[in-house]
Every structure is written in C-alpha cells, then in structure tokens.
Amino acid sequence: MQGVPEHSEIVIVGGGPVGALAALRLAQAGRDVTLIEARAKDAPLRDARALALSWYSRQQLAAAGAWPDELPATVIDSVHVSQQGGFGRTVLTQQDLGLPHLGAVVDYPALTAALATALEQAGVRVLWQARVSKVASLARYASVSLTLHEQQHLLTCRLLVLAEGGALAESLPGIQRHVHDYQQSAVLAMVNASQPHRNMAYERFSAQGPFALLPHGEQMMLVWTRSHDEAARLHAADGSVLLAELQQAFGERLGKFVSVGERAVFPLALRQLNSVHSGRVVMIGNAAQTMHPVAAQGFNLGLRDAVGLVAALEGAADPGDAALLRRYGAARRVDSHAVVGFTHGLVRLFDGQGIAVKALRGLGMSAIDAVPPLRKAFAGHLVFGVGV
C-alpha cells in the first residue's frame, strides 16, 4: 500500500480502464502520476458488460502493456448492419481498412484486472479505496480532498484529471452537463446459437429497438435497447421468451438461438459536458461524456480521450497550462461531438418505423455497402474516430 503524497505532478481520479490507461501512458512518458480509485485493489468486479473495442483501442492498450497474450478476448473481423422489415444492409470487414481485425470483445472485469496488473508492474502510485469528496483549481495548482482508511488528506497537483462519471466535474466553474434521458434501458445477456458466429458482430435495428450481437468465445453477447418496462419484462421473463423475441427480430442468420444466460439491465442516457476543462482540471471518458451503446462507440471514445491527453501533454513543462488544455479541448471536440451526434442521430433515426423512414435507412445502408470509399470512410470513423 502506498501512502498519500502531499503533491503529485498529475492526479487522476477514477481507476477504470480510461483513467488507468491515462495513468500508464503518462507514467511511461516520465510523468509523476497518482491514480485514485474508490474500489479495493482485489475486490471482485460484478459487471456484466462485454466491451467491443476497436482495433485502435486494442493497439493503445497493448502499447501500454495492458493487453497480455492470455487476456480472454474474441476478435471481430466483420460487422453486419441491417434493419428488420426493410431492405438494405452494410457489411464492414477488416479488409476495408487493411487491418488484422476490426476490433475485439473483452469482458470489463478481465480488462480492468489486466490494467491493474500493468499499473503495478509499471510502479504507478495507486491509492485504492480512496474516496474523493472535493476538487478545486487555483492559479498554480489543483487540489483533491480525499478519505483513505478513515483519514482525511489534501493532495495538490499541477494537473487534475477526472476520469469517472460522478458529480465532481459539475462543481467546477463554468462546467455544465447536458443530459438527455432516452427513457430506455439496455438488456444484456449471453446467448448461444446453433451456428458459429465466425467472428462477425451484428448491429440490427428491430421494431422493438436496436440491438447488437457481439462474438464472445463460442457465444454472443446481446445488448438490446428496450423501453424501461420492456427491459424489466425481459429481465424477469423465462429465457424462452427472450429467445423467441430475439429470433423473430433477428431471423436465422445464426440458425436457432438455443439458450440464454443471466440477464442484466442498465438505464440509458446521454450526458455531455459543455467543456472538458476548467482551470487546471480536465475531464476524460465518462467524466466528459456517456452515450447510448448503439454502434459501441462510448468506451472507445473515452480511450481516445486518454490517448489524446497524453499526446497533448508531451514535452509540456506545465501539464496544467491553460493554453495547453484549451488546445486539448478543441482537438477532442471534433471527435467527441461527431461520435455523440452520430450515435444520438442513429437512435432517433432508427426509432421510426414508417415506410418512408425504412426506405431512407435502406438506401443509406445500401449506398455505404456498394461504394468502397464510403464503406472505408465509415469503417475508419468507427475504428479510429474522427479527426484523430
């Protein structure tokens, strides 16, 4: 266990994958970093999420030493996008971008454990089971008030990075959070089909709501957007009910769905800050934005936040310099606003079930599929982001 220093060059609040990646990469760049995490170091994570990582995200994690060979992950070689009850579809493949794979699926607890091991091996100072109650920014430093083992501490730094989605950011001057409640929840479940997935992920826009099927070992992880009432019903219903509705919405591209595991439900909302910096504090990942899971872009966007911040700080004598943070914010705004706008637009577009709307969607998907430059550009934005 490491003690609490009085001062650290950079302090990161939030030891999830985005904060941990930022800490690793900054430490590798020679920065003095302290990472603060509320959970215990060895506490088991009970999180049902399987993360769909772009190949770019996987590369960044590997470069930080957080993608060991034994990490249980399933590669994605192609993505099939379609709609129920309408024509048109798009198929993206790794050949479109000349990559070994388009991405990979990994369980959230497995990735978090790999990052914790990498942090320890790199000698990064981590304050586990530390609760942050207040943050502040002054002209020459930022401060963090925290509780560790029932003791109060005040830690100062040149730059404070918030990488968790709590309310700390909203206590800072000039920071406001836009919230859009989709009035929807995501139903998560592992399903088995009678035919192999062949490392293809599916994005399907059904009459009941968009869903993804992600290759996960021999199984597939289902992420289905439904109304709150419908999500609660599917969560409580017999597995045969969910399988029957999934079969009707998806068809028989994977043969018959034969079994389903435990289910979890998460409410969905869009949350985005008006600015990702205030004084000597910068927000990345869920502290900056959370979004709808359609197209699986939120987590990848957060990892690009971390990578972009490390690049912005390269060679800077003062990592909390106001002009530097303004440049970082401007650089990330293009990618974040494009991705948030894209996912929000998809949700609204695919909510409609009229004949004209379906025809418009079908034409769009068919055009992307038929025109290689369009398909390559679309796949590139999904894998690498916008303006990265």
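R332 and D305 form a salt bridge, with their closest N and O atoms 2.9 Å apart. Please bear in mind throughout that we are looking at a predicted model. The pair links distant parts of the chain, since R332 lies in helix α7 and D305 in helix α6, 27 residues apart. Are these two residues buried or exposed? R332 has a relative accessibility of 8%, so this residue counts as buried. For D305 the value is 2%, and therefore D305 counts as buried as well.

A second salt bridge joins D335 and R304, where the closest N and O atoms are 2.7 Å apart. This pair, too, links distant parts of the chain: D335 belongs to helix α7, which covers residues 322–349, and R304 to helix α6, which covers residues 298–313. The two residues are 31 apart. Both D335 and R304 are buried. To put the two pairs side by side, helices α6 and α7 are linked by R332 with D305 and by D335 with R304.

Let me turn to a salt bridge in another setting. The side chains of E252 and K256 meet at 2.6 Å, N to O. How accessible are E252 and K256? E252 has a relative accessible area of 51%, and because the limit for exposed is over 50%, E252 is classed as exposed. K256, at 44% relative accessibility, counts as partly exposed. Elsewhere, salt bridges that share partners join R226, E230, R233 and E245 into one network. The count of salt bridges comes to 15.

I now move to the strands. Which strands make up the open sheet, and in what order? The sheet has 3 strands, arranged as β3-β7-β4, and the pairing is antiparallel. The edge strands here are β3, residues 50–54, and β4, residues 73–76, each of which pairs on one side only. From one strand to the next, the twist averages 25°.

Within this sheet, β4 is joined by 4 bridges to strand β7, residues 103–107, and the two run antiparallel.

How many of the residues of β10 are buried? The number is 5 of 7, and the strand is mostly covered. β10 pairs in the antiparallel sense with strand β9, residues 130–137, over 7 bridges. In this pairing, V132 has L146 in β10 as its bridge partner. β9 and β10 form a hairpin, with 4 residues between them.

β10 also pairs with strand β11, residues 151–162, again in the antiparallel sense and over 7 bridges. Here L148 has Q151 in β11 as its bridge partner. These two strands form a hairpin with 2 residues between them. In the turn, H149 has a positive phi of about 55°.

Thank you for your attention.

Note on methods. Residues numbered from 1 in each chain as written. Predicted model: local features only at pLDDT ≥ 70, side-chain atom pairs only at ≥ 80, totals over all residues. Heavy atoms only, no water. Salt bridge = Lys/Arg side-chain N within 4 Å of Asp/Glu carboxyl O. Buried < 20%, exposed > 50% of the residue type's maximum accessible area, 1.4 Å probe, protein only. Pairing = 2+ DSSP bridges. Axes fitted to C-alpha atoms, helices over the stretch in contact; angles between N-to-C directions.
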